[in-house]
Amino acid sequence: MTLIVLPSTGRWSEADMQFITGDTPLELMNGAEQIISSTNKKWAFSFKLIGLYGVEVRAWRSALTQLCDLGNTFQAPPPDFDGPGSGYAGPNPLVAGSSQLGLSVNVDGGSLSTQILANGDYFTINGELKVATADVTTDGTGAATIPFYPALRSSPLDNAEVFIDAPFSTFRLMQPMSREHFNAVLHGSRSVEAVETYS
């Protein structure tokens with residue numbers, strides 16, 4: 001598996017981020033409904049590029065052709081991320097203690113007595129993109145507990161960095177194909193559809 005670095009993503013004309021669960025509603029004989037919950041919860045990401053010229057076309061062609069090997073991946077931030085809603089600009093906190101799983105994580109190393117995340121902020125832990133489910137403020141030692149969704153898939157190492165300043169997820173293409181579209185107005189354009197991947 002190779003991580004492919006994408007060319008500048010500043011040319012996106014539009015982007016779409018979706019959160020997908022494998023949950024399935026099951027209607028019972030008595031008319032009641034039961035939800036079968038799945039652990040397969042992941043992000044899907046699609047974007048369109050328009051008006052690519054010369055070097056840009058070739059750079060994207062190279063990256064996306066390599067990504068047609070579905071063992072190859074790329075990393076990208078959420079398309080709407082422009083900084084944490086909390087306004088936090090201090091050091092990224094670190095995981096405080098090993099063997100943590102579930103819907104919250106203990107951290108330390110943040111600025112003292114400071115709001116580090118706002119409810120709904122993205123952040124990345126253990127290479128997994130999460131959404132904070134409450135405002136989070138550190139205590140007088142820089143420690144806090146971050147509640148989030150979805151649950152961790154694997155336990156992060158003690159002192160692993162929690163990326164508040166630059167959240168990202170790792171994706172692979174949904175299909176092993178890449179297509180370019182050309183016309184007199186848009187020149188080279190591409191549509192990319194990808195899904196979160198993890199080991």
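## Strands and sheet

F123 stands opposite K130 in β10. The two strands concerned, β9 (residues 122-125) and β10 (residues 128-132), pair in the antiparallel sense over four bridges. Strands here are DSSP runs of E, at least two residues long, numbered from the N terminus, and two of them pair if DSSP finds at least two bridges between them. The model is predicted: local features need pLDDT of at least 70, side-chain atom pairs count only at pLDDT 80 or more, and totals for chains, interfaces and linings use all residues. Residues are numbered from 1 along each chain as its sequence is written, and side-chain values use heavy atoms, with hydrogens and water left out.

β9 and β10 belong to an open sheet of six strands, in the order β6-β7-β12-β10-β9-β13, with antiparallel pairing. At its edges stand β6 (94-95) and β13 (162-163); each has a single partner strand, so one side of each is left without a neighbour in the sheet.

## Salt bridges

Side chains of opposite charge can pair when their charged atoms come close. A salt bridge is counted where a side-chain nitrogen of Lys or Arg lies within 4 Å of a carboxyl oxygen of Asp or Glu. By this rule the count comes to three salt bridges. In one of them, the side chains of D23 and K41 meet at 3.1 Å, N to O. This pair links distant parts of the chain, 18 residues apart: D23 is in the loop between β1 (12-20) and β2 (24-27), and K41 is in the loop between β3 (33-36) and β4 (42-52). Residues are classed by relative accessible area (buried under 20%, exposed over 50%, partly exposed in between, with a 1.4 Å probe and protein chains only). D23 counts as partly exposed because its relative accessibility is 31%, whereas K41, at 12%, is buried.

K130 takes part in a salt bridge with E128, the closest N and O atoms being 2.8 Å apart. K130 has a relative accessible area of 0% and is therefore buried; E128, at 3%, also counts as buried.

In a further salt bridge, R153 joins E196, with the closest N and O atoms 3.3 Å apart. R153 lies in the loop between β12 (144-149) and β13 and E196 in strand β16 (residues 187-196), so the pair ties together parts that are 43 residues apart in sequence. At 26% relative accessibility R153 counts as partly exposed, while E196, at 2%, counts as buried.

## Aromatic rings

The whole structure holds nine aromatic pairs. In one of them, the ring centres of F45 and F47 are 5.1 Å apart and the planes stand at 40°, so the pair is tilted. Rings of Phe, Tyr and Trp (its six-membered ring) pair if their centres lie within 6.5 Å; planes under 30 degrees apart count as stacked, over 60 as edge-to-face and the rest as tilted.

Both F45 and F47 are buried. Together with W60, F74 and F171, they form one aromatic cluster.

## The largest pocket

The largest pocket has a volume of about 420 Å³. Of the 19 residues that line this pocket, R179, R190, S191, V192 and E193 are the closest to its centre. A pocket is, on a 1 Å grid over the protein atoms alone, an open set of points where a 1.4 Å probe fits, with protein on both sides within 12 Å along at least five of seven lines; lining residues have an atom within 4 Å of a point.

β4, β15 (180-183) and β16 each supply at least two residues of the lining.

How values were computed:
Grid points are joined across faces, edges and corners, and a volume is the space filled by probe spheres set on the points.
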